[in-house]
Amino acid sequence: MFIIKIEQTQYSFEIYQKSLYCKKEVKLNTLITFATRFGCTEKCAKKLEEKLSNDMEIINLKNNTKISLDKYDTVIIGGSIMMGKINSEVKKFYNNNLAQLLQKKIGLFICGALSEQVDKELRDNFPEELINHAVATGYFGYELNFEKMNFALRVLAKKMSDTEKSFSKIIEDNITKFAEVMKR
Ligand SMILES: Cc1cc2nc3c(=O)[nH]c(=O)nc-3n(C[C@H](O)[C@H](O)[C@H](O)COP(=O)(O)O)c2cc1C
């Protein structure tokens, strides 16, 4: 008898929560947008999503060209660098939405092999005003996924490392620190 009582209370609480959801438009606070060539930035975006605890949505810019930013307070944009350039989808996204992005809390991160050039690569690939406006800019390391590259890219990638085997150098600690700054 006692057990039934508890179950009923829990059940009615769930109904109450659902009705609240139906009445109010669900407000998502944070959007993580990213583009990736071989999967590294996507992995990092998902790791970041796990570390941020508030309501959020994660969108691959390759599959979504038109994103309405109205419902987000915070937007995080991530991309990878190849031959000094960030993914064209990332560039298109911030160019199309720059005025609105400058009204939001912003985080920017990149993945790339050249850790000593992070500052330059950030500055070369994001508008100065967006970098200055961002509360966090991050470098999340890189991967070389040889299996996902075509022949020409594999040749270039081999020049960047002393191995031909795929490897991951994602810097978990940097993702954690970035998440901490974004949460403030
Ligand atoms: C052909 C090629 C060129 C690259 N050029 C750069 C570069 O200019 N600067 C850099 O920091 N990393 C460079 N990288 C490393 C990539 O940024 C790294 O592999 C990254 O993890 C890729 O992320 P993604 O899988 O999300 O696209 C290059 C990688 C390849 C395969």
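## Helix H7 and its packing

In this predicted model, the buried residues of helix H7 pack against helix H2, strand S3, strand S5 (105-111) and strand S6 (136-139). These buried residues are Ile175, Phe178, Ala179 and Met182. Because they cover an arc of only 100° around the axis, they are on the same side of H7. On the other side of H7, the residues Asp173, Thr176 and Glu180 are exposed.

The length of H7 can also be checked against its number of residues. Helix H7 covers residues 172-183, and at 1.5 Å a residue its twelve residues should span 16 Å; the C-alpha atoms at its ends are 17 Å apart, which agrees.

Phe178 and Met182 are among the buried residues of H7. Gly107 and Thr137 are 30 residues apart in sequence, yet their C-alpha atoms are 5.9 Å apart in space.

Ile171 has its place in the loop between strand S8 (167-170) and H7.

Leaving aside the neighbours within four places in sequence, Ile171 is in contact with Phe140 and Gly141. Ile171 and Phe140 are 31 residues apart in sequence, while the distance between them in space is 5.2 Å, C-alpha to C-alpha.

## Helix H4

Helix H4 (residues 118-125) has the buried residues Glu121, Leu122 and Asn125. The arc that they cover around the axis is only 100°, which puts them on the same side of H4. The face turned away from this buried side carries Asp119, Lys120, Arg123 and Asp124, which are exposed.

The buried residues of H4 pack against S3, strand S4 (85-86), S5, helix H5 (128-133) and S6. Strands S3, S5 and S6 are also among the elements against which the buried residues of H7 pack.

## Around the ligand

Which residues are the closest to the ligand? Of the 23 residues that surround the ligand, the closest are Arg37, Phe38, Thr41, Ser80 and Gly112. The elements that give two or more residues to this shell are helix H2 (40-51), strand S3 (74-82), strand S7 (141-144) and helix H6 (151-160). By class, the shell has 14 nonpolar residues, together with six polar and three charged ones.

## The whole protein and the confidence of the model

The protein has seven helices and eight strands, and 29% of its 184 residues count as buried. Among the contacts between residues at least 6 apart in sequence, 77% join residues that are at least 24 apart.

The mean pLDDT, the predictor's confidence, is 88 for the protein, and 84% of its residues reach 70 or more. Over residues 1-25, however, pLDDT stays under 50, and for these residues the model has one contact beyond four places in sequence.

Notes. Residues numbered from 1 in each chain as written. Predicted model: local features only at pLDDT ≥ 70, side-chain atom pairs only at ≥ 80, totals over all residues. Near = placed C-beta within 6 Å. Helix = DSSP H or I, 4+ residues; strand = E, 2+ residues; numbered from the N terminus. Nonpolar A, V, L, I, M, F, W, Y, C, P; charged D, E, K, R; others polar. Buried ≥ 20, exposed ≤ 12 C-beta atoms within 10 Å, placed from the backbone. Contact = placed C-beta atoms within 7 Å. Expected span 1.5 Å × (residues − 1). Arc of directions from axis to C-beta. pLDDT = per-residue confidence, 0-100.
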